[in-house]
Amino acid sequence: MGKVSLHSIVDAVNDLPSLPQISKRVIELTDDPNSTAYHINAVLSKDPSMTAKILRLANSAYYGFPRRIPTIAEATILLGFQTIRSMVMAASVNMLLSQKMEGYALSQGELWKHSQASAIAARLIAREIRFPNPELAYTAALLHDIGKVVLNSYMRELYHEVLERAETDQIPFLEAEDIVLGFNHAVVGSRVAEKWNLPVELIEAIAFHHHPDQSKHNHRLTALVHISDFICLTMGIGIGVDGLLYQVSTKALENLRISEDAIQIYISRLSDMFSDQDSFEF
């Protein structure tokens, strides 16, 4: 099959669905200082399926409210605009990321679980290190592997060739992808983020989540995504073949002032959070 052409990748990205209109509207509202919880409730109430998904998340053990949150308006007041925005993004990409990824040795739902777990990890670490926007970290980590959805069909045919190259040359799977396909899932994922008109720092975090030292706009955001991805692979969540020879960047750890001891503490805390399936089953 040989290397994949840029044209075919662009076509595959364009074939992906756009973000739902309702998601775009919620993003606009959460950026508007004049919006209220009731404006967001009015938009989301038009989509009962998305409303149900968001309320399920809001009532999961992760958020830990002592009583049930019955409405989107109340969830917005209690959790804040940015958290609702994150939930809407999660609900929007859930189906895309839940597909079976044969090209990456991931069964149905595994890529979604890895993406959501990475997002939860990124938010937790962001809060711990006082990163100014934990919800931005959540969204960046949620979308970091979106490129796999595009490359999966090519990888199905070239899987063994990429795997053999990674094992023979003792190189990370991402580098083997680049050599065999001519592209890697991180770069392709950044193309998807561009199509969805996401902010440049999100595009960059997706593009460089394996090589955070190459980021230019928001080093700390990209480092957060990288470390969260590494933590979830270490925990065995959605490891597939992409986790082969995955090395954590020492510069990313230094950038965020995170020690190896802290990584172990985060893993312990996240193990408890991930036991609640409502965080994953939409």
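Predicted model: local features only at pLDDT ≥ 70, side-chain atom pairs only at ≥ 80, totals over all residues.
Biologist: Okay, let's take α11 and α12, at what angle do they pack?

Modeller: Helix α11, which covers residues 185–195, packs against helix α12, residues 200–207, at an angle of about 160°, and their axes are 7 Å apart. That makes α11 roughly antiparallel to α12, because an angle over 145 degrees counts as roughly antiparallel.

Biologist: And is the crossing left-handed or right-handed?

Modeller: The crossing in which α11 passes α12 is right-handed.

Biologist: Which residues meet there?

Modeller: On the α11 side they are Ala186, Val187, Gly189, Ser190, Ala193 and Glu194, and in α12 they meet Ile203, Ile206 and Ala207. Sorted by class, this contact of α11 with α12 has six nonpolar residues, two polar ones and one charged one.

Biologist: Switching to charges, how many salt bridges are there?

Modeller: The count comes to ten salt bridges, and one of them joins arginine 156 to glutamate 102, with the closest N and O atoms 3.8 Å apart.

Biologist: Where do arginine 156 and glutamate 102 sit in the chain?

Modeller: Arginine 156 is in helix α9, residues 147–169, while glutamate 102 is in the loop between α6 (81–97) and α7 (110–128), so this pair links distant parts of the chain, 54 residues apart. Both partners count as partly exposed, since arginine 156 has a relative accessible area of 44% and glutamate 102 has a relative accessibility of 41%.

Biologist: Which residues are linked with them in a network?

Modeller: The network of salt bridges links Lys100, Glu102 and Arg156.

Biologist: What about glutamate 135, which side chain does it meet in a salt bridge?

Modeller: The side chain of glutamate 135 meets that of arginine 123, at 2.9 Å from N to O.

Biologist: Is glutamate 135 buried or exposed, and arginine 123, buried or exposed?

Modeller: Glutamate 135 counts as buried because its relative accessibility is 6%, and arginine 123 is also buried, with a relative accessible area of 1%.

Biologist: Which residue does glutamate 128 pair with?

Modeller: Glutamate 128 forms a salt bridge with arginine 269, and the N to O distance between their side chains is 3.0 Å. With glutamate 128 in helix α7 and arginine 269 in helix α15, residues 260–274, the pair ties together parts that are 141 residues apart in sequence. Glutamate 128 is partly exposed at a relative accessible area of 38%, and arginine 269 is partly exposed at 33%.

Biologist: New topic, the backbone: what is the phi of alanine 105?

Modeller: Alanine 105 has a positive phi of about 55°, although it is not a glycine. Most residues other than glycine have a negative phi. This alanine 105 lies in the loop between α6 and α7 and counts as partly exposed at 37% relative accessibility.

Biologist: And arginine 130, what phi does it have?

Modeller: Arginine 130 has a positive phi of about 60°, and it is not a glycine either. Arginine 130 lies in the loop between α7 and α8, and it is exposed, with a relative accessible area of 71%.

Key:
Residues numbered from 1 in each chain as written. Heavy atoms only, no water. Axes fitted to C-alpha atoms, helices over the stretch in contact; angles between N-to-C directions. Helix = DSSP H or I, 4+ residues; strand = E, 2+ residues; numbered from the N terminus. Parallel < 35°, antiparallel > 145°, perpendicular 65-115°, else oblique. Left-handed = near helix turned anticlockwise from the far one by under 90°. Contact = heavy atoms within 4.5 Å. Nonpolar A, V, L, I, M, F, W, Y, C, P; charged D, E, K, R; others polar. Salt bridge = Lys/Arg side-chain N within 4 Å of Asp/Glu carboxyl O. Buried < 20%, exposed > 50% of the residue type's maximum accessible area, 1.4 Å probe, protein only.
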